[in-house]
Amino acid sequence: ADVKKIAVIAGDGIGPEVVAEAIKVMKSTEELFGLQFEFEHGLFGGIAIDEKGTPLPEDTLDMCQRADAVLLGAVGGPKWDNNTKELRPETGLLGIRKALGLFSNIRPAVVFDCLKEASTLKPEVLEGTDLIVVRELTGGIYFGEKFRREGEQGEEAVDTCVYNVHEVERIVRQAFDVAMKRSKRLASVDKANVLETSRLWRETVNRIAPEYPEVELEHVLVDNCAMQLLRRPASFDVIVTENMFGDILSDEAAMLTGSIGMLASASLGEGSYGLYEPVHGSAPDIAGQGIANPIATILSVALMYRLTFGYEEAANAIEAAVKQVLDEGHRTSDIAADRAQAISTTKMGDLIVDALTKLQVKA
Ligand code: NAD
Ligand code: IPM
Ligand code: MN
């Protein structure tokens, strides 16, 4: 088999804890599915600031560029929260997305039947929820000019939100393509009643829509979308939106699934190269305790297999193994009804590997 190079940037907090379980799962698939991986680790985020004086060291970026795919944990933590912009872990995250051209962030939110009770929402509302947020990842207010200045009434801060037509077109086309492979329903989310970038966004969506006559398109204002996601989550299929709206709505969508510890993501450009990471952060409040839910990162591996490598069978198997372990009632504390019964991060990883092995032996 050809060896796939995986750049691993585990990062801070629970990042290394959940990434270790994802690698465990990847290694188990080597034998089970005849795959081969070569893992290379690099410093990234807060730990890179501490050891190298920058959140995204050049050799780490080189390593990612040379790899076939990147597996990322999470970055950030209170230790670096008062640093200047250049010395923030989050700046490294934005930098790597930009440098690798990863403008499209795919965040599926699927409600596992057996976890309906783990959500704070009523199970009957969640029934059948299976949606994907397609978030624009390298533009908008995250990347516009930012500065402080002296105003009439003292200090002011400015963040600018910029989108050009090209940036909107490419993400919208990807979202239509994703919708075509699913239920063919696309909700484009904006704030076109107020923001100029949103009006450009909506015009662009409407111009592209005729290329996809089979896709049923709706425009939803972001405030209304935040509400509809809780009212009728199952009615959404694909949601496409700009960078910051996508950040916020995907955390909201995470709670439909029971926990942010369940939400995987893929960051893609035009090709099949991708960066895979859980949607959650470094969770400083539980870091080092061995209790983080590794499922978001393990499901991110399934996305990597499917979207970058075309290992559809192994991707399906990972998802089936996760479902089985949950069906059997195993829970980390974030999704456990009874916290006393909760299992550790490594135990969850082991159970998923066991389930994967048994499923594959049966198949
Ligand atoms: P967070 O996602 O880290 O945590 C929010 C809450 O969810 C916490 O109570 C945490 O314990 C819980 N949680 C998160 N992941 C979990 C998991 N796998 N299992 C169980 N519980 C989990 O968000 P935050 O607290 O707002 O941010 C913490 C730090 O992470 C900040 O520095 C932030 O900038 C950074 N962050 C990084 C990323 C990333 O690297 N992609 C994403 C979001 C936040
Ligand atoms: C995410 C995170 C990041 C973002 C932060 C940490 C920069 O919240 O990946 O969702 O806002 O994109
Ligand atoms: Mn976020």
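This is a predicted model: local features need pLDDT of at least 70, side-chain atom pairs count only at pLDDT 80 or more; totals for chains, interfaces and linings use all residues.

Biologist: Which residues surround ligand 2?
Modeller: You'll find G76, E90, L93, L94, D247, V279 and G281 around ligand 2.

Biologist: And which helix gives the most to that shell?
Modeller: That's helix α4, residues 89–99, with three residues in the shell around ligand 2.

Biologist: What about ligand 1, which residues come nearest?
Modeller: There are 22 residues around ligand 1, and G76, G261, H280, G281 and N293 come nearest among them. By class, the shell around ligand 1 holds 11 nonpolar, seven polar and four charged residues.

Biologist: Switching topic: how is the chain divided into domains?
Modeller: Domain 1 covers 1–103 + 269–363, while domain 2 covers 111–260. Their C-alpha centres are 24 Å apart. In the contact, domain 1 takes part with 14 residues and domain 2 with 18 residues.

Biologist: Which helices supply the side of domain 1 that touches domain 2?
Modeller: Both α4 and α11 (312–327) supply at least two residues each.

Biologist: Nice. Now the sheet: in what order do the strands run?
Modeller: The order is β2-β1-β3-β12-β11-β4-β5-β10-β8-β9, an open sheet of 10 strands with mixed pairing.

Biologist: Why is one side of β2 and of β9 left without a neighbour in the sheet?
Modeller: Because β2 (37–41) and β9 (216–221) stand at the edges, each with a single partner strand. On average, neighbouring strands of this sheet are turned by 20 degrees against each other, direction ignored.

Biologist: In what sense do β4 and β11 pair, parallel or antiparallel?
Modeller: Antiparallel: β4 (residues 104–110) and β11 (residues 264–268) pair over three bridges. Across that pair, N105 stands opposite S267 in β11.

Biologist: Which strands does helix α3 touch?
Modeller: Helix α3, residues 58–66, packs on the sheet and touches β1 (4–11), β2 and β3 (69–74). The direction of α3 makes about 145 degrees with that of β1. Helix α6 (residues 165–180) lies across β4, β5 (130–136), β8 (185–190) and β10 (238–241), and runs at about 165 degrees to β5.

Biologist: Last one: how many helices and strands does the chain come to?
Modeller: It comes to 12 helices and 12 strands. The radius of gyration is 20 Å, close to the 21 Å of the globule rule for 363 residues, so the chain is as compact as a globular protein of that length. Along the principal axes, the C-alpha atoms fill a box of roughly 65 × 50 × 45 Å.

Conventions: Residues are numbered from 1 along each chain as its sequence is written. Chains are lettered from A and ligands numbered from 1 in the order in which they are written. A residue is near a molecule or strand if its C-beta atom, placed from the backbone, lies within 6 Å of it. Helices (H or I, at least four residues) and strands (E, at least two) are DSSP runs, numbered from the N terminus. Domain bounds come from an automatic or database domain assignment. Two residues are in contact if their C-beta atoms, placed from the backbone, lie within 7 Å. Two strands pair if DSSP finds at least two bridges between them. Axes are lines fitted to C-alpha atoms, for helices over the stretch in contact, and angles run from 0 to 180 degrees between N-to-C directions. Ala, Val, Leu, Ile, Met, Phe, Trp, Tyr, Cys and Pro count as nonpolar, Asp, Glu, Lys and Arg as charged, and the others, Gly among them, as polar. The radius of gyration is taken over C-alpha atoms; the globule rule is 2.2 Å times the number of residues to the power 0.38.
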